[in-house]
Amino acid sequence: MTSRVLRRGGWNAVGIVLFVVMVFPVFWMISTAFKTDDQINSLTPTWFSATPTLRHFGDAIHTPFFWTDVKNSLIIGSSSSRSR
């Protein structure tokens with residue numbers, strides 16, 4: 001093997017590690033949204049819930065001012081994308 005192939009393999013490994021580090025919080029946020037309260041508060045982490053639930057989404061939707069916050073986020077997001 002040439003040093004170029006080894007160097008490229010090393011950079012690919014670095015890129016994969018960085019990708020995993022950057023994507024893991026998004027994965028954890030999404031997987032936690034579907035966990036039960038006991039799984040969320042457990043001292044041992046659960047990667048995937050065996051009994052997924054949508055209750056947390058219902059709780060969020062019924063929180064006061066949820067739809068106002070969604071509307072504000074959409075306004076800010078659309079206005080910032082138009083200013084480019």
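Asp37, Arg55 and Asp59 are tied together in a network of salt bridges, where a salt bridge means a side-chain nitrogen of Lys or Arg within 4 Å of a carboxyl oxygen of Asp or Glu. Keep in mind that this is a predicted model, in which local features need pLDDT of at least 70 and side-chain atom pairs count only at pLDDT 80 or more, while totals for chains, interfaces and linings use all residues. Residues are numbered from 1 along each chain as its sequence is written, and side-chain values use heavy atoms, with hydrogens and water left out.

**Overall build**

- The protein chain has four helices and zero strands, and from the N terminus on its elements run α-α-α-α. The radius of gyration is 20 Å, well over the 12 Å that the globule rule gives for 84 residues, so the chain is more spread out than a compact globule.
- Helices (H or I, at least four residues) and strands (E, at least two) are DSSP runs, numbered from the N terminus. The radius of gyration is taken over C-alpha atoms, and the globule rule is 2.2 Å times the number of residues to the power 0.38.
- Along its principal axes, the C-alpha trace spans about 60 × 45 × 15 Å.
- Of the contacts with a separation of 6 or more, 3% come from residues 24 or more positions apart; contact here means heavy atoms within 4.5 Å.

**Surface and charge**

- Buried residues make up 5% of the 84 in the chain. The cut-offs are under 20% relative accessible area for buried, over 50% for exposed, and partly exposed in between (1.4 Å probe, protein chains only).
- The chain exposes about 7400 Å², with carbon and sulfur atoms supplying 70% of it. These areas come from the Shrake-Rupley method with a 1.4 Å probe.
- There are 8 positive and 4 negative side chains, and the centres of the two sets lie 27 Å apart. Lys and Arg count as positive and Asp and Glu as negative, with His and the chain ends not counted. Each charge is placed at NZ of Lys, CZ of Arg, CG of Asp or CD of Glu.

**The salt bridges**

- The count comes to two salt bridges.
- One joins the side chains of Arg55 and Asp37, at 2.4 Å from N to O. This pair links distant parts of the chain, with Arg55 in helix H3 and Asp37 in helix H2 (residues 37-41), 18 residues apart.
- Asp59 and Arg55 also meet in a salt bridge, at 3.2 Å from N to O. They sit four residues apart in helix H3, so about one helical turn separates them.

**Two loop residues to look at**

- Lys35 lies in the loop between helix H1 (3-33) and H2. Lys35 is buried yet has no salt bridge, and the nearest side chain of opposite charge, Asp37, is 11 Å away.
- Leaving aside neighbours within four places in sequence, Lys35 is in contact with several residues, including Trp28, Trp47 and His56.
- Phe65 is in the loop between helix H3 (55-61) and helix H4 (66-82). Phe65 has a positive phi of about 70° although it is not a glycine, and Phe65 is exposed, with a relative accessible area of 63%.
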